[in-house]
Amino acid sequence: MKLGDFWRLISFLLIGLICGLLLDFLTTSLILALLLYIARIHFDLHLLSKWIGGRSGSELSGRSGIFEDLSYSLNQLFLSHQRRRKKLSGVLRQFEAATSAWPDAIVILNFSDEVEWANPAAKKYLDVRWPEDKKQRITNLVRLPLVRAFIEENQTDEETLDIASPTKSNAYLSLLLGPFDDTHRVLLARDTTLIRQANQARSDFVANVSHELKTPLTVLKGYAEMLAEQHDKAPTEWLPALEHMKVHANQMSELVNSLLELSRLDAGRPLSQIEKVDGEKIITAACSSGQALVANKNLSLQIQIDQNTTILGSKQELYSAFSNLIFNAIHYTPDGGTVVIRWGKKAKCISFEVEDNGIGISPEHLNRVTERFYRIDGSRSRLSDGAGNGLGLAIVKHIVRRHDASLRIVSKVGVGSCFSIDFPLEEALQERE
Ligand code: ADP
């Protein structure tokens, strides 16, 4: 109890005592004095509560003792709270200004995929308006089956999806979905139209140049082969030059063919001829093309096949993918090595596997070998014949993607490599459709 309050209580009691002695009602008078003192405290409490309710910025005027202190402390608290609020709303305004100026669409989704917040760009790219669309399910706002599957199926991973813009024709978006906090996810949409156009221009250029080169190269290659075959008619000093011409014409022709194949795959047209493909048949055909090389290097080629195992796909593309992997295994395995080819059904997929005990690939190259023109240390590549062009695995990657399959590469330098393609089971494909 503060000193002021103590003296106030004493003065109430003294007044009660004097009145009691004068009027000869001592007990009643003391009780009355105490009651008056309690009433006064009650009144002060009432004023304090009114002051708090009114959120007055000034101190509680005319009160003294504990109430004066209380009102002072509360006032300080209130002022510091006001200062913090001002600071926070400043930060919030800055954040809102930054997100408003952000060119990509940002939408925060709660655990039921309802919109919790969105920036202005969300209206432009996804037609999600803020705050009008608050608590609306995103799949009701962006009504594309691809987007629905993307949002409903990807619950944990950071995934991306490329789509045609739902709000603008001839425009494209890349969607990214990732975790925001424990219960929220963030959906980002970025305009990729210009990148697409640049990629398209590049692909068209490569396809056109390759196309224009194809015919003259075929002619050159034909003549080079013809001249090399008639070596008995040519002066002996010409022979190395003729052989060089033949080898390089062949390499350029292979490169042009690979570029044309890659451009065709790049164009993103759906598989033209989907049919039941018997893996055994294409593996046998690919192996017989590589037979001469296998014999030259004295390799052991082992083929382990589950007969009558078929997948749905393009026979021509699958032949290209399988033969690329088989030829690579043959090329990058030294004399006397072993290449094992497996084809068969597994628990959740149909798998094509090529395993070799060749030179292997070191970990820093593993993620990059499927990039176009990526070759590990040109000098060590292709142990047996001319240089590769670094396009084989890029072609394989495209074909794998077009067949809804996945490519796995496991490799260790000096031990060997295993390249596997896992195709979804036919039933799984049908279910998906
Ligand atoms: P390339 O025409 O050079 O073979 P690829 O795209 O087929 O092009 O392969 C890219 C690179 O990956 C190759 O240059 C080679 O270094 C490496 N590579 C591919 N397959 C194998 C393999 N079975 N063993 C070791 N390295 C491999």
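In the predicted model, His-184 touches Ile-108, Leu-109, Asn-110 and Glu-116, leaving aside residues up to four places away in sequence. His-184 itself sits in the loop that joins strand 4 (172-179) to strand 5 (185-191). With 13 other C-beta atoms within 10 Å, His-184 is partly exposed, because the count falls between the limit of 12 or fewer for exposed residues and that of 20 or more for buried ones. Between His-184 and Thr-139 there are 45 residues in sequence and 16 Å in space, taken from C-alpha to C-alpha.

The chain as a whole contains 14 helices and twelve strands. Its radius of gyration is 40 Å, well over the 22 Å that the globule rule gives for 433 residues, so the chain is more spread out than a compact globule. The C-alpha trace spans about 150 × 45 × 45 Å along the principal axes. Of the 433 residues, 20% count as buried. Among contacts with a separation of 6 or more, 55% link residues 24 or more positions apart.

Helix 7 covers residues 193-229, a run of 37 residues. From its first C-alpha to its last, helix 7 reaches 52 Å, close to the 54 Å expected at 1.5 Å a residue. A bend of about 35° occurs in helix 7 at Lys-214, and a proline, Pro-216, follows within four residues.

The ligand is surrounded by 22 residues, and the closest are Tyr-332, Ile-376, Gly-388, Gly-392 and Leu-393. Helix 11 (315-331) and helix 13 (392-402) are the elements that give two or more residues to this shell. By class, the shell holds ten nonpolar, ten polar and two charged residues.

Some backbone features remain to be described. Most residues other than glycine have a negative phi, and most peptide bonds are trans. The peptide bond from Trp-130 to Pro-131 is cis, with omega near 10°. Pro-131 lies in the loop between helix 4 (121-126) and helix 5 (138-141).

Asp-24 has a positive phi, near 65°. This residue, Asp-24, is placed in the loop between helix 1 (3-23) and helix 2 (26-53). Asp-24 counts as exposed because it has 8 C-beta neighbours inside 10 Å. For Phe-373, phi is also positive and near 65°. The loop between helix 12 (363-366) and helix 13 holds Phe-373. Phe-373 has 9 other C-beta atoms within 10 Å and is therefore exposed.

Definitions and conventions:
Residues numbered from 1 in each chain as written. Predicted model: local features only at pLDDT ≥ 70, side-chain atom pairs only at ≥ 80, totals over all residues. Near = placed C-beta within 6 Å. Nonpolar A, V, L, I, M, F, W, Y, C, P; charged D, E, K, R; others polar. Expected span 1.5 Å × (residues − 1). Bend = angle between axes of the 7 residues up to and from the residue. Rg over C-alpha atoms; globule rule 2.2 N^0.38 Å. Contact = placed C-beta atoms within 7 Å.
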